[in-house]
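Before reading on, please take a moment to look over the model shown below.

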Amino acid sequence: MRNAPTILHLDMDAFYASAEQASKPSLRGKAVIVGGLGPRGVVATASYEARVFGVHSAMPMAQARRLAPHAAYLVPRFPFYRAISEQVMGLLRALSPLVEPLSLDEAFVDLEAGGVAWDEESARLTGARLRADIREVTGLTGSVGLAASKMLAKIASEQAKPDGLVLIEPGTERALLGPMPVRTLPGVGPATGDHLRRAGITTVEEIAEAGQDELVRLLGRAHGQALYAMALAHDERPVVAERDAKSVSVEDTYDMDIHDRVRVRAEVQRLADRCVQRLRAAGRSGRTVVLKVRRYDFSTLTRSETLRGPTDDPAVVREAAARLLESVDTTGGVRLLGVGVSGLADFTQEDLFAQARTAVGGAALPEEEPRREVQDEPAEEPAPPAAERRWRAGHDVRHAVHGHGWVQGSGLGRVTVRFETPDSGPGRVRTFRTDDPELEPADPLPLVTRRPGAGALTTQEPG
Ligand code: DCP
Ligand code: MG
């Protein structure tokens, strides 16, 4: 392990919700919940103001509504978040060739490989500058962790949240990890956590004290050894630039074998979505979809399917992964599932969408419809009438007279619009008929407006 804290982990704060608040001045400082709004919807994320009520990611939306009835509820706008993510990843790539995105709002950066940091002081300075740059370019805040390993850098950014920076000094890792709950370590989910607790192990220090043999006895060879090493703060995993990677894949090991075929299918879909998130965060696309299955008896098989053209479309990857799963017998139960995309290429989004559509046999979405992203948006029944479907809660609109705004709600032939922009004050609400010819869907406005040669727009505003 290196002896300088030059691995950086960045994680944007309440990413989707912060993006919405920056875009909609009336929501700043308020509880905002983003996710699927249908009866089976789940929370993608909640603003920190909403977290006070106990709302968090992956919670059923119905439960969130009970906890925070007065919050603003919005559907996710993935193209908007992706555009911000590209700005952030661009700033990271300016620091180092070794940038490993984990999702739209999260990445590791090897600062040493980029020559921008070599010791504690230069690392701290680089991290602080990065946070300032992110704020200036995107208008949003991100938290930074710095450490000598990926595991510790990620723990540090978690501690830094929200809007902070934490640096873990090399040599202090074990003392820091010791009192932390076992769940802090990567790969320890609820079931492994329970398993360890029944053996009297609740903290990282207790894992270290138990020793490797005991861990292997409790959790099996691979998992036991890996966990023991992490408890000693040993983590040699390098930062791998997705650009150099030949494939992008995600996998999950399950604490208990999954027997239920429906659950296996659902897990594969979820992994496909996560894989596409990583692919997109890296600005890439791929032609071959790979499914990996490790069965109850540790027999591991992979199946792959090559598409006609490269894709980064979640629907295409999901469908291919689902097809591949149909050729695998999982009756005895599975302990690991993985989905990957290989044959990577750099393509512009536009090309990809066109090719992805061909790849699924011309099942094209109408051009004028915003692309419905599959992730976290299960089919939401009942479908609203066509006129109202144009006006999705939270999406931007433009009115011929009143200008730019966003849909606050629609129904019964009416649509309510709040007229405000990222650099206006909180705006006023007006209601229109859903077929009002003066109202049309619009693209999101940039969160930060800059004049050539000038700083941020704030200098221009009176008062
Ligand atoms: N996300 C999601 N479903 C989840 C978790 C996250 O759709 N179960 C989405 C919404 C988040 C984004 O991914 O905004 C980033 O995930 P994070 O876990 O980093 O959560 P946040 O950025 O929202 O909050 P934090 O400040 O805790 O990082
Ligand atoms: Mg985040």
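The protein has 15 helices and 17 strands, where helices (H or I, at least four residues) and strands (E, at least two) are DSSP runs numbered from the N terminus. This is a predicted model, in which local features need pLDDT of at least 70 and side-chain atom pairs count only at pLDDT 80 or more, while totals for chains, interfaces and linings use all residues. Residues are numbered from 1 along each chain as its sequence is written, and chains are lettered from A and ligands numbered from 1 in the order in which they are written.

**The protein as a whole**

- Of the 463 residues, 41% count as buried, a residue being buried if 20 or more other C-beta atoms, placed from the backbone, lie within 10 Å of its own.
- Among contacts between residues at least 6 apart in sequence, 62% join residues at least 24 apart; two residues are in contact if their C-beta atoms, placed from the backbone, lie within 7 Å.

**Helix α4**

- Helix α4, residues 78-93, has 16 residues and reaches 22 Å from its first C-alpha to its last, close to the 22 Å expected at 1.5 Å a residue, where the expected span is 1.5 Å times one less than the number of residues.
- The buried residues of α4 include F78, F80, Y81 and I84, and the buried residues of this helix pack against β1, α1, β5, β6, α5 and α12.

**Around ligand 1**

- Ligand 1 is surrounded by 16 residues, of which the closest are F15, Y16, A44, T45 and S57; a residue is near a molecule if its C-beta atom, placed from the backbone, lies within 6 Å of it.
- The elements that give two or more residues to this shell are β1, α1 and β3.
- By class, the shell around ligand 1 has 7 nonpolar, 3 polar and 6 charged residues, with Ala, Val, Leu, Ile, Met, Phe, Trp, Tyr, Cys and Pro counted as nonpolar, Asp, Glu, Lys and Arg as charged, and the others, Gly among them, as polar.

**An open sheet and its helices**

- An open sheet is formed by 4 strands in the order β9-β12-β10-β11, with antiparallel pairing; two strands pair if DSSP finds at least two bridges between them.
- The edge strands, each pairing on one side only, are β9 and β11.
- Strands β10 and β11 pair in the antiparallel sense over 8 bridges, and T288 stands opposite T306 in β11.
- Helix α12 packs on the sheet, touching β9, β10 and β12, and its direction makes about 150° with that of β9; axes are lines fitted to C-alpha atoms, for helices over the stretch in contact, and angles run from 0 to 180 degrees between N-to-C directions.
- Helix α13, residues 314-326, lies across β10, β11 and β12, running at about 145° to β11.

Key. Buried ≥ 20, exposed ≤ 12 C-beta atoms within 10 Å, placed from the backbone.
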